[in-house]
Structure formats: C-alpha cells, structure tokens
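These are my notes from one sitting with a structure that I had not seen before. I looked up the chain as a whole, then a handful of single residues.

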Amino acid sequence: MDFDFGADADALRAELRSLIAAEVPADFLGAFTDDPNDLAIAQRFCARLAAERLLTLAWPVEYGGRGGSVWDQTVVREEMWAHHEPRGAQYMGVNWVGPAIMAFGTDEQKALHLPAIGAGEVIWCQGFSEPDAGSDLASLRAKAVAVDGGWKITGQKIWTSYAEMAQWCVLAARVGSGEKKHDGITLFLVPMDTLGITVRPIASSLGRHHLNEVFFDDVVVDDNAVLGGVGNGWQAIRHALAFERVGIARYARCDRLLSALEAELGDGFDELPHAVRASWTRALVAVRVARLLAYRATHLQAEGTPADTAASVARIAVTQADQLVAEALFQALDSSSLRDKASGAVLHGAVEDHYRYAQAATVASGTIEIQRMIVGRSTVGRA
C-alpha cells in the first residue's frame, strides 16, 4: 500500500486551509461552547463548504458532492478535525448518515435526505446507546410495535450528541424478539419534532450539546421511516459505525497540536526536561501509527473489503494516541496547561480543550472495550 496521496490531494489540502484561514478565527475551539457565535461560525462555514461542493466532496455529484475519492474525503476529515471541526455537528451527517442512506435507503429517503445533508442544512443525531445497554448495541431495549400505517416506538437513549439542536435522528429500536441479540434491530429515520420525543441535556466537562438523554414515549412514525428494511438494522449499524470509527481523524489534531506546541515554545522546547521531551516523542510516534492504521481501514473500505475489525483497531490506536498527546502537552506546559483562551493560554487554550476531549474519547463511537471485543472475536473467528 502506498499512502502518498499525490499532488491533487496537496492542492485540496491547500484549498481547505485557505478557506479555514479566511472563514474561521484562529482561536476557534469548536462549535459547542457557551458562546453562540461559535455555532454561528460553524453554520456559515458549512454553507461555504457546501457552495464549493467540499462538504460532501466524496459524494456523487447529484447529491451535492464532487464525486471525489475516499482519499479526498480523508483529506477533508483531517483538515477539519485538525482545526477543531469547524463543520460543527455536520460531520455526523456527512461521514456516516449520508453514506448509510445511500447504501440502504429507498429512493424517497435518498431524495429527501441526501441533498439536505449535502447542503449543510440539517443536523442529525444518533439514537443508539441506552442506559442498560451502553455501547453494546445488540442489547438495546427500545421497542417498535407495528400500528396501522407505521410504527409506535418507546424507549430511552443516552449520551446522544447534538440531540438538542438536531432536526433528525437515526434511531435503533427492536421489532419483536428473536433467538439472537441482533435479531429484530431496525433503524428508523425520525424527525426530532415528532410528538413524544423529549431531550434532556446532561452536564459534562465537554460543554453544551455533547451529551443528552432522549426519551421516546409512544412516538409514531410511518413505514417510510424504516431504513434498510425491518430487522436489518444490525447490518446498517455495522456499516455506519465502520465509517464513523475512521471518520473522525483525531490523529490529525494530535499531530497539529504537538507541532504547534514545539513551534510555540521555540528554544524553550529544547530546555524541557528529558522525560518531558521523551513523552512528546512517544506521543508523536503513537499518532503516526494511528494515522497509518486509519489509512489501512480506509483502504479496505475503498476496495469493498469488510473493514469492521480494521476500523476498530484504528479506533483503539487513535484513542490511546489522543490520551498520550493530552498527557504530553500537559507535562510540557506544567502549571499553565489549565489556562483557557480567556486567560491568555498557549495555543488559545487548545491544550486544555484537547485534554477534556481526550478523556471522553474512550467512550465515543463505541467504547474502547467494545472495540477490543470486536478485535478479539475476529481474532478467534467469532466475528
């Protein structure tokens, strides 16, 4: 495998960096802060990307993309995450909801949802995790019961990012019962303003919008809400999560922060204790390994080869790298590491911001324990 992306990718990366420099303030640390202007910046930036057909660059032209390769999309993911994801919540729709609808949706679902995602006009949330199931999706208890012309859904979801601002939810619920835990799992595309849906934010160190509880009390949807057929949800979830696990290029921000800190400290970097510089080096090696593992998973997906295990391996590596980088940055800055951008922190507070996000990385997109279980089962032939 040759992971040299070539001159076209270099040109694309330069185009993206130029847009970010023009549209996103240098001290931007993400859309989900207490400052509503940060979300407004992300929404304007998404509209600009969509106008340039860059938001969904790898999608077919008819859905608002440029028909680019998965490697083009990888460049987009890397540049966005490296610069604190100025697409805001749109990455979820772009990275896996849209591709899942392309793979499993009806013509009507494609016509309704894909152009809206491609234009950056709609925010999606993901109704997968539950209080008594956690990231073990096969143990979910939300129920969907057939009614005249559709389905009545009852259950509770938790850790649902962006639920408070989302217009649509990809909801996993169980229809009937079967011999296996995966039997009956069905995906529904549900408008978040449907009667019976209640969202309760969960306070956390990640700030507003990241974590929510969502309650579905006798929520009624029509038959057109089913994605991929009744009882076929597990296949669609595996397809979606494989995209999601490699979709967030956490290694790109790690790499940028390590380099930025070295440049910021200048000669002072060489004066750091040997143990601190060694920690910085180990973190950089872990980041580069995680990058290559993510590329391997993307390569398999591009070839049409099942990539669940490779995606989980990459996810484990990038999660561990995320936390190594957080520790290395904290050691280098010592007592000033907890400053935020309002108190003149180094890199506008990006170190403190990264540390908080790194602590939560082990439970995002399926906990690291679930990823290890997937890899373990694959290794012993029980995938």
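I began with contacts, where a contact means heavy atoms within 4.5 Å. Among the contacts in the protein with a separation of 6 or more, 72% are between residues 24 or more positions apart.

I noted the ground rules next. The model is predicted, so local features need pLDDT of at least 70 and side-chain atom pairs count only at pLDDT 80 or more, while totals for chains, interfaces and linings use all residues. Residues are numbered from 1 along each chain as its sequence is written, and side-chain values use heavy atoms, with hydrogens and water left out.

**Entry: the whole chain**

I looked up the secondary structure and found 12 helices and eight strands. Both are DSSP runs numbered from the N terminus: helices are H or I with at least four residues, strands are E with at least two.

I then checked the radius of gyration, taken over C-alpha atoms. The protein has 21 Å, which agrees with the value near 21 Å for a compact globule of 383 residues. The globule rule is 2.2 Å times the number of residues to the power 0.38. The C-alpha atoms fill a box of roughly 70 × 45 × 45 Å along the principal axes.

How much of the protein is buried? Buried residues make up 52% of the 383. The term means under 20% relative accessible area, with exposed over 50% and partly exposed in between (1.4 Å probe, protein chains only).

The protein exposes about 16900 Å², of which carbon and sulfur atoms supply 51%. Accessible areas come from the Shrake-Rupley method with a 1.4 Å probe, and for residues only the protein chains shown count as cover.

I also looked up the charges. There are 35 positive and 48 negative charges, and their mean positions are 5 Å apart. Lys and Arg count as positive and Asp and Glu as negative, while His and the chain ends are not counted. Each charge is placed at NZ of Lys, CZ of Arg, CG of Asp or CD of Glu.

**Entry: helix α1**

I picked two residues here. Arginine 13 lies in helix α1, which covers residues 7-23, and leucine 16 lies in helix α1 too. Arginine 13 counts as buried because its relative accessibility is 18%. Leucine 16 is buried, with a relative accessible area of 0%.

Leaving aside neighbours within four places in sequence, arginine 13 is in contact with Phe5, Val75, Glu78 and Glu79. On the same terms, the contacts of leucine 16 are Leu49, Leu54, Val75, Val76, Glu79 and Met80. I checked one of these pairs: leucine 16 and leucine 49 are 33 residues apart in sequence, and their C-alpha atoms are 8.9 Å apart in space.

**Entry: the loop between α3 and α4**

Which loop holds histidine 84? Histidine 84 lies in the loop between α3 (70-82) and α4 (90-104), and glutamate 85 is found in the loop between α3 and α4 as well. I looked up the backbone angles. Histidine 84 has a positive phi of about 65° although it is not a glycine. Glutamate 85, not a glycine either, has a positive phi of about 45°. Histidine 84 is buried at 6% relative accessible area, and glutamate 85 counts as buried at 6% relative accessibility.

**Entry: glutamine 109**

Glutamine 109 sits in helix α5 (residues 107-118). Is glutamine 109 buried or exposed? Glutamine 109 counts as buried, at 4% relative accessibility. A polar atom of the side chain of glutamine 109 lies 2.9 Å from the backbone nitrogen of threonine 106. Not counting residues up to four places away in sequence, glutamine 109 touches several residues, among them Ile101, Leu189 and Asn224.

**Entry: leucine 140**

Leucine 140 is in the loop between β1 (124-127) and β2 (143-147). Leucine 140 counts as buried, with 2% relative accessibility. Beyond four places in sequence, its contacts include Glu130, Lys157, Arg174 and Ile185. Leucine 140 and isoleucine 185 are 45 residues apart in sequence and 8.4 Å apart from C-alpha to C-alpha.

**Entry: alanine 328**

My last stop was alanine 328, in helix α10 (residues 308-333). Alanine 328 is buried, with a relative accessible area of 0%. Apart from neighbours within four places in sequence, alanine 328 is in contact with Ser279, Trp280 and Ala283.

Methods:
A polar contact is a pair of N or O atoms within 3.5 Å; within protein, one must be able to donate a hydrogen and the other to accept it, and residues adjacent in sequence count only if both atoms are side-chain atoms.
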